[in-house]
Amino acid sequence: MEREHLIKPVLDHPYPTVQYGKGVFLYDDQGKAYLDGASGAVTAGIGHGVPEIIEAMTEQASKVSFVYRSQFTSEPAEKLAKKLSDLEPGGDYWAFFVNSGSEATETAMKIAIQHWQEKGRFGKNKVISRRMSYHGITMGALSMSGHVLRRRRFIPLLEDFPVVAPPYCYRCPFKLNAASCKLACADDLETAIKRIGAEHIAAFIAEPIVGAAGGAIVPPEGYYKRIKEICDRHEILFIADEVMTGIARTGEMFGMQHDGVEPDLIALGKGLSAGYTPMAATLVKDHVMAPILQGSKSIMAGHTYSANPQSAAVSLAVLDYIEKHQLAQAAQSRGVYLMAKLRQLADGIEIIGDVRGRGLLLGIEFVRNRDDKEMFPPAAGITARIIDKAFHKGLLVYPAAGAVDGAGDAIIVAPPLVITEAEIDLLVLLLEEAVREVMDELA
Ligand code: PLP
């Protein structure tokens, strides 16, 4: 056998070779079709092979694909920055473009720290995050992440940032009931701030809905209003990591709109270019920029490809497509349909412990025993087995296992927002077959 050169996620795993994509389907070089039930990694929001995006890409490439941001600005980058600010109901955001979600959250952290430095408050340089969170794979972003499995190897190199309890009602960290808990999980932030001292804290970062580190966990009603109120009272900036939830995925352009909260900084990625080209952004509210504008006048961050016109033109075309086809509304209505179908499925499958999420960002948690929510042992590899079975049947879903201190089984179901009801029916059918086969193996 010929030796390999490409480092793939699992080195001895035989990955099929993709040939092309159309709508919600991907096809390999053997002609096999795969229903893209999680938009890759919750990325391909408008589906594959959309001609309008390819046209926008070609048109921009025929003018100029790359300029260095220290030498030129470009029309697509300027337009995209304005468009994103206009889309956020609160408005008044600046945009800093990067290439990945990790860079977007890490840049948000740096801007938050710089904001306080420009005000002469040099001690405010810690970022609080939550257990069960994922903000990216680079060292700064990983330092802010509570994803046990992804951190494990690098712990000695990571910044020791504080963490607070996740808003995980299915397994409440305080063993309380969502109806009467008085949002103890939000108040845990205040406890941490008092312990550490607000004078040491630049920001708090959180995903509107916990993605990879939990499987579409939606916080209880009122959680983010309380969080923002605590942050404001202690002069701590609130960073919303909307890398997974942003750009229509949850039924609104931004996940935080459901909570009526305007973050001080927002990280975007994934759906921003719907996977057509690497593109991500850090949005920064006017008041956060103000001391920088009056002070050093320069954000100390950036990458060679930041704000390249090619990616900006693609993102603009993606946003136009989302608006023209009303895909935020589609995410809402099709999300309701998919959620109902998954809940129906859960009725007949006892290893489904919880079905949750919002819009077309849904999660399923698997348990050994539904009554006491007992988890499977990590060695049983339940999530991987379900994903593998689904894959062989031609259905792609996304793993969110190991969220609870390395244990726990969950998947994310988040198809492109253009999915039809008939395609949702097929998705659920294939998923049911996969889960039942794993369940039969356990019997
Ligand atoms: N933040 C969240 C909420 C994510 O889900 C991810 C990726 O899964 C990231 C950040 C990191 O994004 P990227 O993989 O593009 O670096």
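At what angle do helix H2 and helix H10 pack, and how far apart are their axes? Before I answer, two remarks on the model. This is a predicted model, where local features need pLDDT of at least 70 and side-chain atom pairs count only at pLDDT 80 or more, while totals for chains, interfaces and linings use all residues. Residues are numbered from 1 along each chain as its sequence is written.

Now the answer. H2, residues 51-63, and H10, residues 309-324, pack at about 150 degrees, and their axes are 9 Å apart. Helices here are DSSP runs of H or I with at least four residues, numbered from the N terminus. The axes are lines fitted to C-alpha atoms over the stretch in contact, and the angle, from 0 to 180 degrees, is taken between N-to-C directions. H2 and H10 are therefore roughly antiparallel, the word for angles over 145 degrees. Their crossing is right-handed, so the near helix is turned clockwise from the far one by less than a right angle.

Which residues of H2 and H10 meet? On the H2 side they are Glu 52, Ile 53, Ala 56, Met 57, Gln 60 and Ala 61. On the H10 side they are Pro 309, Gln 310, Ala 313, Val 314, Ala 317, Val 318 and Tyr 321. By class, this contact has 10 nonpolar, 2 polar and 1 charged residues. Contact means that two C-beta atoms, placed from the backbone, lie within 7 Å. Nonpolar covers Ala, Val, Leu, Ile, Met, Phe, Trp, Tyr, Cys and Pro; charged covers Asp, Glu, Lys and Arg; the others, Gly among them, are polar.

H4 and helix H9, residues 286-294, pack at about 55 degrees, with axes 8 Å apart. The crossing of H4 and H9 is left-handed. Ile 111, Gln 114, His 115 and Glu 118 in H4 meet Val 288, Pro 291 and Ile 292 in H9. The residues of that contact divide into 4 nonpolar, 2 polar and 1 charged.

H4 also brings us to the ligand. Helix H4, residues 101-118, gives the largest share of the shell around the ligand, 3 residues. The shell has 6 nonpolar, 8 polar and 2 charged residues. Of the 16 residues around the ligand, those that come nearest are Ser 100, Gly 101, Ser 102, Gly 136 and Val 243. A residue is near a molecule if its C-beta atom, placed from the backbone, lies within 6 Å of it.

Is Ser 102 buried or exposed? Ser 102 is buried, because 23 C-beta neighbours lie inside 10 Å; 20 or more count as buried, 12 or fewer as exposed, and anything in between as partly exposed. Leaving aside neighbours within four places in sequence, Ser 102 is in contact with Gly 136, Ile 137, Thr 138 and Ala 141.

Last, helix H1, residues 39-42, which holds Ser 39. Phi of Ser 39 is near 50 degrees, a positive value in a residue other than glycine. Ser 39 is buried, with 29 other C-beta atoms within 10 Å. Val 42, also found in H1, is buried with 25 neighbours inside 10 Å. Val 42 and Gly 211 are 169 residues apart in sequence, but 9.3 Å apart in space, C-alpha to C-alpha.

Conventions
Helices (H or I, at least four residues) and strands (E, at least two) are DSSP runs, numbered from the N terminus. Angles under 35 degrees count as roughly parallel, over 145 as roughly antiparallel, 65 to 115 as roughly perpendicular and the rest as oblique.
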